[in-house]
Amino acid sequence: MRGLLDAVMSLGRGLELQEVLRGIVEASVTLTDAEYGALGIVGDGQTLLEFLTVGMSDELTARIGQTPCGRGILGELIHHPQPLRLADLSSHPHSYGFPPHHPPMHSFLGVPVRVRDEVFGNLYLTEKRGGQSFDADDEALLTTLSIAAGVAIDNARMYEESRRREQRLEALGEITRALLSGTDADEVLHLVAERAMEVAGADRAAVLLPPSPPGAPAPAAFDARLTVAVAHGRDAGRVRGLSVPAHGSLAGLAARTGTPVHCADVRTDPRAHPFGDGAEEGLGPVVAVPLRVGTGAMGALRLGRPVGRPPFDDTEVALVSGFADQAAIALELARGRAESEELAVMHDRDRIARDLHDLAIQRLFATGMTLQSTTRAIADRPEAAERVSRAVDDLDTTIRIVRSTIFDLRTTDGSGRGGLRHRIAETARTAARALGFRPSVQIEGPVDSVVPDELAEHVVAVAAEAVSNASRHARASRIDIVLSAGDSVTLTVTDDGTGIGAATGTDGRGTAAGTGAERGGGLANMRKRAELCDGTLAVEQPAGGGTRIVWRAPLD
């Protein structure tokens with residue numbers, strides 16, 4: 001009785017759940033003079049989630065291999081939670097036998113451990129020392145100890161839950177401060193993954209997002225795959241950038257349904273779809289919770305634990321869901337900030353375009369009119385009149401360039417990307433890095449409003465190909481791009497290079513298309529695009545040298 005009292009007092013002082021559980025088994029073995037003892041924790045599926053042993057060495061446990069799952073005599077107590085005492089295990093009709101390398105066992109005593117009228121697990125004792133069998137006194141001692149054990153387990157679980165709740169509040173507070181301070185979304189997602197992993201006792205945390213922009217409606221966003229945007233913990237570097245199918249994975253299921261899903265072993269659950277390339281090696285229990293936005297979701301937060309650890313319970317799933325909500329807020333704030341910044345840029349572009357139209361063009365036009373009137377006054381001085389005429393022409397060209405810039409500033413397509421004007425100008429800017437100079441661009445007519453999107457794609461591709469050919473084959477030092485729209489769209493690219501004959505081996509008329517760049521695919525691609533659009537391609541040699549490519553397609 002003194003030993004029982006000491007054991008009860010010792011269990012009552014424990015606060016760490018794992019220490020309390022091991023202390024229960026050790027006290028049971030000591031009080032009953034058993035050689036081996038174990039505590040099996042019962043899961044929802046009436047199987048053993050954990051199996052803590054006393055009396056076996058680590059080496060012997062490793063040789064036996066997989067821990068019991070709850071069959072045979074162990075399962076008898078799971079299905080009938082009443083004390084069970086046997087003189088010989090093998091005599092029981094439900095005896096299942098022992099795996100290889102298991103030590104021989106004969107006498108047996110088992111009692112359930114209840115926590116608030118719910119069976120938490122079972123205490124198993126075998127091989128009473130001296131070859132004796134367990135008696136009624138041993139059963140009474142063990143039953144009394146199991147009652148004290150249930151109270152100690154309940155206290156330890158409440159303490160662990162309280163401590164975890166405190167950690168969760170601290171972590172969520174840290175994440176909230178990061179959100180309010182305007183921290184970059186990627187940094188916030190890393191913080192969410194790290195804190196969720198720590199609080200939930202996981203080994204790895206990953207945030208999976210669809211390839212579409214964050215915040216897109218769930219049905220449209222989850223048609224293909226989810227990609228790991230952020231990973232923290234075990235093998236994070238190997239996991240980052242990997243993807244899983246939206247249909248056929250735990251993360252995809254959570255994102256599509258908007259509800260958490262979890263499994264006891266990612267290696268065997270058909271819904272799991274573990275990451276390839278050995279990235280899931282050693283992981284067992286996994287949980288995925290959705291990143292909720294309104295009535296849909298934009299991705300999932302996925303956590304994993306090593307093999308042998310207990311699966312995520314409902315309390316832990318609810319805890320992880322709180323972190324997923326913080327991740328969703330971070331993505332929504334990032335999207336909102338991006339939209340605000342884009343709107344500010346659009347307002348600024350519109351203001352600049354308005355100022356250019358109302359101020360710069362009007363002044364240039366007035367200056368041109370003044371110079372034109374001056375020409376009549378100096379008609380008797382041909383040299384001066386010619387200079388003034390050239391200045392007027394330069395002003396006209398400048399006005400066209402400014403107008404093109406205004407159109408470019410005010411024109412974007414539905415995705416926020418610049419229209420055809422902008423894309424042709426961007427082609428010139430991109431080519432400048434390789435050429436060492438920037439091709440000139442002149443755009444005439446309402447190209448953004450009259451050229452269809454499909455045709456615009458061909459125009460941009462031809463412009464890029466023509467500029468590339470002039471750079472690589474003709475060694476040009478000047479390139480002029482002219483795009484106009486009327487009854488048809490016409491793209492003209494002129495360079496001062498070595499000429500089409502030298503570059504491609506043609507006869508100078510642009511009709512022999514069998515060698516050089518044509519054979520390499522440049523001119524052939526442009527001609528093919530013209531045919532697809534019912535258009536034409538002409539390759540000319542200006543009088544001053546170089547090459548002029550004229551690509552034309554009708555506008556329906």
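**View 1. Residue D534 in the loop between α17 (522–532) and β15 (536–540) of the predicted model**. D534 has a phi near 60°, a positive value in a residue other than glycine. With a relative accessibility of 65%, D534 counts as exposed, because the threshold for that class is over 50%.

**View 2. Residue E127 in strand β5**. E127 is not a glycine, yet its phi is positive, at about 60°. The strand that holds E127 spans residues 118–128. The relative accessibility of E127 is 17%, so this residue counts as buried, the limit being under 20%.

**View 3. Strand β5 and its pairing with β1 and β4**. Nine of the eleven residues of β5 are buried, and the strand is therefore largely enclosed by the rest of the structure. Strand β1, residues 34–42, pairs with β5 in the antiparallel sense over seven bridges. In this pairing, I41 has G121 of β5 as its bridge partner. Strand β4, residues 108–115, also pairs with β5 in the antiparallel sense, here over eight bridges. Y124 in β5 stands opposite G110. In a regular strand, the side chains alternate between the two faces of the sheet.

**View 4. The hairpin of β4 and β5**. Two residues lie between the strands of this hairpin. R116 takes a positive phi near 55° there.

**View 5. Residue G497 in the loop between β14 (488–495) and α15 (500–504)**. G497 counts as buried, because its relative accessibility is 16%. Leaving aside neighbours within four places in sequence, G497 is in contact with A474, R475, A476 and G546. The C-alpha atom of G497 is separated by 7.3 Å from that of G545, a residue 48 residues apart from it along the chain.

**View 6. Residue T492 in strand β14**. T492 has a relative accessible area of 16% and is therefore buried. Not counting residues up to four places away in sequence, T492 touches D480, I481 and V482, together with R548, I549 and V550.

Methods: Residues numbered from 1 in each chain as written. Predicted model: local features only at pLDDT ≥ 70, side-chain atom pairs only at ≥ 80, totals over all residues. Heavy atoms only, no water. Helix = DSSP H or I, 4+ residues; strand = E, 2+ residues; numbered from the N terminus. Buried < 20%, exposed > 50% of the residue type's maximum accessible area, 1.4 Å probe, protein only. Contact = heavy atoms within 4.5 Å. Pairing = 2+ DSSP bridges.
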